[in-house]
Amino acid sequence: MLARLHALFLHRFSPRYNRLAQARKHQLFAHLSGPVLEVAAGSGANFDYFPPAIEWTGADPNPFGARYCLPAAEARHIPARWTTAPAERLPFPDHSFPTVIATLALCSIHDPAAALAEIRRVLQPGGTYLFLEHVAAPPDTPTRRRQRLLHPLFRCCFRCNPTLDTATLLRHAGFASVELEHFHLPIPIVGPHIAGRAVR
């Protein structure tokens with residue numbers, strides 16, 4: 001029941017978030033083509049921004065996300081397949097994909113460092129990981145203090161870690177290069193964001 005409700009929550013929340021992040025998503029995904037793996041695919045919040053020239057594979061530990069992702073792919077004539085699997089244990093051979101993407105993902109993953117290692121493993125040499133994540137606010141700021149205070153609530157209700165230093169994790173994940181930009185969305189607690197790309 002909780003997994004079903006969580007998928008429904010993501011489905012209902014995504015349009016509101018997308019209204020704030022749509023410019024970033026358009027920029028990030030505009031040139032996608034070929035096979036794409038989306039890790040922590042959720043309820044398919046990114047399909048409005050995918051070009052039709054991709055072949056989409058979604059991986060998520062919640063099987064109920066498929067009921068939203070696969071119809072969204074079909075409506076946009078995007079070939080799609082779904083795999084129920086956590087990001088820390090992706091069931092794909094090494095070097096399977098030229099592109100991996102994830103949005104608002106690492107905050108909800110039990111072991112984000114292990115997930116990044118798996119993303120590197122399944123990326124082809126020279127392949128690209130595209131990401132958009134909310135992140136911990138700078139230290140000693142009012143937002144960072146509120147993030148620490150509300151961390152237990154976010155973890156319990158949203159399966160989310162608002163204090164994750166994702167930029168540092170990415171820079172130490174073994175990618176050949178990491179390009180990212182910090183920006184802010186008008187969302188309480190989780191307004192600080194990063195977006196960018198990492199190359200294997």
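**Figure 1. Surroundings of P192, which is in contact with E133, H134, V135, A136, A137, T143, Q147, F183 and H184 once its neighbours within four places in sequence are left aside.** Contact here means heavy atoms within 4.5 Å. The model shown is predicted, and for that reason local features need pLDDT of at least 70 and side-chain atom pairs count only at pLDDT 80 or more, whereas totals for chains, interfaces and linings use all residues. Residues are numbered from 1 along each chain as its sequence is written, and side-chain values use heavy atoms, with hydrogens and water left out. P192 belongs to strand β7, which covers residues 192-199; helices (H or I, at least four residues) and strands (E, at least two) are DSSP runs, numbered from the N terminus. The relative accessibility of P192 is 11%, so this residue counts as buried, where buried stands for under 20% relative accessible area, exposed for over 50%, and partly exposed for values in between (1.4 Å probe, protein chains only). P192 and N62 are 130 residues apart along the chain, and their C-alpha atoms are separated by 26 Å.

**Figure 2. The loop residue A136 and its contacts.** A136 is placed in the loop between β5 and α4, and it is buried, because its relative accessible area is 15%. When residues up to four places away in sequence are not counted, A136 touches R144, Q147, P162, T163, L164, D165 and P192.

**Figure 3. Strand β2 between its pairing partners β1 and β3.** Strand β2 comprises residues 54-60, and six of these seven residues are buried, so the strand is largely enclosed by the rest of the structure. Strand β1 (residues 34-39) runs parallel to β2 and is joined to it by six bridges; two strands are taken to pair if DSSP finds at least two bridges between them. Within this pairing, P35 has E55 of β2 as its bridge partner. Strands β2 and β3 also run parallel, and five bridges join them, with W82 in β3 as the bridge partner of G58.

**Figure 4. T83 in strand β3.** Strand β3 covers residues 80-84, and T83 is found within it. T83 counts as buried, because its relative accessibility is 17%. Leaving aside neighbours within four places in sequence, the residues in contact with T83 are G58, A59, D60, P91 and F92, and among them G58 is also a residue whose bridge partner is W82 in β3.

**Figure 5. Strand β5 and its pairing with β4.** Nine of the twelve residues of β5 are buried, and the strand is thus mostly covered. Strand β4 (residues 97-103) pairs with β5 in the parallel sense, over six bridges, and in this pairing the bridge partner of F97 is L123 of β5.

Figure 6. H77 lies in the loop between α2 (66-75) and β3, and with 68% relative accessibility it counts as exposed. The relative accessible area of D140 is 67%, so D140 is exposed.

**Figure 7. The whole chain, as context for the close-up views.** The chain has five helices and seven strands, and along the sequence they follow the pattern α-β-β-α-β-β-α-β-α-α-β-β. Taken along the principal axes, its C-alpha atoms fill a box of roughly 45 × 40 × 30 Å. The radius of gyration of the chain is 16 Å, which agrees with the value near 16 Å for a compact globule of 200 residues; this radius is taken over C-alpha atoms, and the globule rule is 2.2 Å times the number of residues to the power 0.38. Of the 200 residues in the chain, 49% are buried. Among contacts between residues at least 6 apart in sequence, 66% join residues at least 24 apart. The chain exposes about 9800 Å², of which carbon and sulfur atoms supply 57%; accessible areas come from the Shrake-Rupley method with a 1.4 Å probe, and for residues only the protein chains shown count as cover.
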